[in-house]
Amino acid sequence: MCGIVGYIGKRNSVDVIFDGLRKLEYRGYDSSGIAVIVDKELQVRKKVGRIYNLRSDILKDPITSNIGLGHTRWATHGKPSEKNAHPHMDSTKSIVIVHNGIVENYAKLRTELLECNQEFESETDTEVIVHLIKKNYSNSLFRAVQETLSEIKGSYALGIMCKYEPDKIVCARRDAPLVIGIGQGENFIASDVTALLHYTRNVVFLEDGDIAEIMADKVIIRDIRSNIIKNREIKSILWNDAQSEKNGYKHFMLKEILEQPRTIEETFRGRIYPNEGRVYIKEFGLKDEDIKNISNIYVVACGTSYHAGLVSKFLFENFAEIPTEVDIASEFRYRNSVLSKKNLVIVISQSGETADTLAALKLAKSKDCWTLAICNVVGSSISREAENVIYTYCGPEIGVASTKAFTSQLTVLYMLAFDLANKRGKLGKEKLKEYLNELWEIPLKISGFLKNIKLLQDIAEVFISKRNFLYLGRHVNYPIALEGALKLKEISYIHAEGYAAGEMKHGPIALIDESMPIVAIVVKSGVYEKIISNIEEAKSRGGTIIALASEYDEEIVAKSDYIIYVPKVNEFISPLVTVIPLQLLAYYIAVFLGRDVDQPRNLAKSVTVE
Ligand code: M6R
């Protein structure tokens, strides 16, 4: 959460920083601020609300400088306000910092500073850092930062400037992402690469414990032991700037939903060969012998990624016959699971920065489990921590509501389950060919479905006045019911519950009356008749049924009020198609309600704090 950008070079840093902050706004958007050095003095501007508030303020009274730092905030300590917005300065206005993370021992540090008569401007945990740096400063910003960080407990990505050293930015990271962009006679820092793509695709990912000095013509990185790192790899990023733009769409979310036929294909391209009945995921890393020895799989993730994990339980158990548990990362890390060497722990994360998922991964590593990350962001903390990483290759996902990352995660999980099943002798070549062919055709089928997008708009319009929704599904589509409900609540602020349809009679059916819309996923499958009965029970209590059914299903006509037909696919693979209308339904309801679809209230794209 929170986004950081920094620049030093020949350009006006203010322009570079705004461009970067706009790309990082998905990380937090309750306030923003910028600091520059002009004539050896620090100048700081801050504003509550979206970045354009700050931008218009600066346009009225412009500032120019070749060095600067910017920050977009998601509040942790202290409510969104100008005082609490970053950057924060020390009392002599000599040093300024931007911070992403949490200072866990800030209360103690603050008390100690107060006892030394230090005054505080804000309620943030961050402010203690800048006062400590000033206290430790004699003539080297680098050394003052180094000393200060030894006193700090918690997580941080930091950008720091000092008016006495106007030719450098010092930055540091521990458990929060920070990347250095390498340019020609100019250098950058940012919370993630999307902020830099317009200027450079050559980046260096900082490691935990690193402190770096960024000058216009050089970068010096020191590791946790203060050794200068001479050969840290410069990575070339394949994403381009256009991918992180809306390209004419009203919202990133709509763009990302419509991209799915292509992003699913990009995820499986070069990894499945349906005609040969072969899966080849070279990044998987486990030897065939190890694969045979896996005793259990644990899948750990948060939010939408967790829902992808829930689908995978059906796949790993049904196809590969490996007992599988799926956990929410924030629960897993504190529940003392019985983990051992023969367990494969799979963490799923779009951003690769989710704090709980990262902690769960570290825990699994400490227990000697095999660890595998399914991740979208190259160089992210999770991708670097896991033994092996399978990237989802769906390009930058900017909308806070996750859509294309979800279907790409599912695609990886299908490939993985089929591969494991085949290598463990549970899925023969002919069956494997059949499933891979099904997967291969999904992008085309989704493209066909997306031609009828108007239907979703029409249905959405009917239901905008509703305050509650139920989503029902069974088997592999139970997690999709959860995902549909999550999409609706996070972007429209309408209360929605996802339920396993068979659970209705155990309580939730009491909620149903004439005012309750029920979205039922009732595609052709082994549980079709079961869910039809559940729909009848809901309908006879007055509920309005919006059925998501397989094309050509006529039986459903008499049982529902609205029907969304989706392409007919194998029941195990159906989540890849059933989730698309649910994303669109949530999207259009939110649009009709005038919600801020890409940046819903209270949320941030990457949850980098616990
Ligand atoms: O980056 P991650 O996949 O680790 O993020 C996990 C969740 O924070 C994320 O899926 C969140 O639930 C989304 N807002 C859902 O749309």
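Isoleucine 228 counts as partly exposed, because its relative accessibility is 46%. For the cut-offs: buried means under 20% relative accessible area, exposed means over 50%, and partly exposed is in between, with a 1.4 Å probe and protein chains only.

A word on the source. This is a predicted model, where local features need pLDDT of at least 70 and side-chain atom pairs count only at pLDDT 80 or more, while totals for chains, interfaces and linings use all residues. Residues are numbered from 1 along each chain as its sequence is written, and side-chain values use heavy atoms, with hydrogens and water left out.

Back to isoleucine 228. Where does isoleucine 228 sit? In the loop between β13 (219–222) and β14 (235–236). Helices (H or I, at least four residues) and strands (E, at least two) are DSSP runs, numbered from the N terminus. Not counting residues up to four places away in sequence, isoleucine 228 touches Ile220, Ile221 and Arg222. Contact here means heavy atoms within 4.5 Å. Aspartate 210 is 18 residues from isoleucine 228 in sequence, and their C-alpha atoms are 9.6 Å apart in space.

**Helix α4**

Now α4, residues 127–136. Eight of its 10 residues are buried, so the helix is mostly covered. Which residues of α4 are buried? They are Glu127, Val128, Ile129, Val130, His131, Leu132, Ile133 and Asn136. The cover over them includes β5 (88–89), β6 (95–103), α3 (106–115), α5 (141–149) and β7 (154–162).

**Domains 1 and 2**

The protein is divided into domain 1 (3–76 + 90–244), domain 2 (252–450) and domain 3 (454–592). Those bounds come from an automatic or database domain assignment. The C-alpha centres of domain 1 and domain 2 lie 34 Å apart.

The size of an interface is often given as the accessible area lost when the parts come together. Domain 1 and domain 2 bury about 1,300 Å² between them, and 59% of it is on carbon and sulfur atoms. Buried area is the accessible area (1.4 Å probe) that two parts lose on being put together, summed over both. Which three residues supply more than any other three of the area that domain 1 buries against domain 2? Tyr26, Trp239 and Gln243, with 39%.

Two salt bridges are counted between domain 1 and domain 2. A salt bridge is a side-chain nitrogen of Lys or Arg within 4 Å of a carboxyl oxygen of Asp or Glu. Arginine 384 forms a salt bridge with glutamate 207, with the closest N and O atoms 3.5 Å apart.

**Valine 400**

Next, valine 400. Buried or exposed? Valine 400 is buried, because its relative accessible area is 8%. Valine 400 lies in the loop between β21 (388–391) and α13 (404–423). Leaving aside neighbours within four places in sequence, its contacts include Tyr26, Tyr29 and Glu490, as well as Pro600 and Leu603. Serine 606 is 206 residues from valine 400 in sequence, yet 8.5 Å away in space, C-alpha to C-alpha.

**Salt bridges**

How many salt bridges does the structure hold? The count is 42.

Take glutamate 325 and arginine 335. Their side chains meet in a salt bridge, 3.0 Å from N to O. This pair links distant parts of the chain, 10 residues apart: glutamate 325 is in strand β18 (residues 324–328), and arginine 335 is in the loop between α10 (329–332) and β19 (343–349). Glutamate 325 counts as partly exposed, because its relative accessibility is 36%. Arginine 335, at 34%, counts as partly exposed too.

Arginine 335 also has a salt bridge with aspartate 327, at 2.5 Å from N to O. Aspartate 327 counts as buried, because its relative accessibility is 9%. Elsewhere, salt bridges that share partners join Lys255, Glu259, Arg262, Glu266 and Lys404 into one network.

Last pair. Arginine 278 and glutamate 276 meet in a side-chain salt bridge, 2.9 Å from N to O. Arginine 278 is partly exposed at 35% relative accessibility, and glutamate 276 is partly exposed at 42%.
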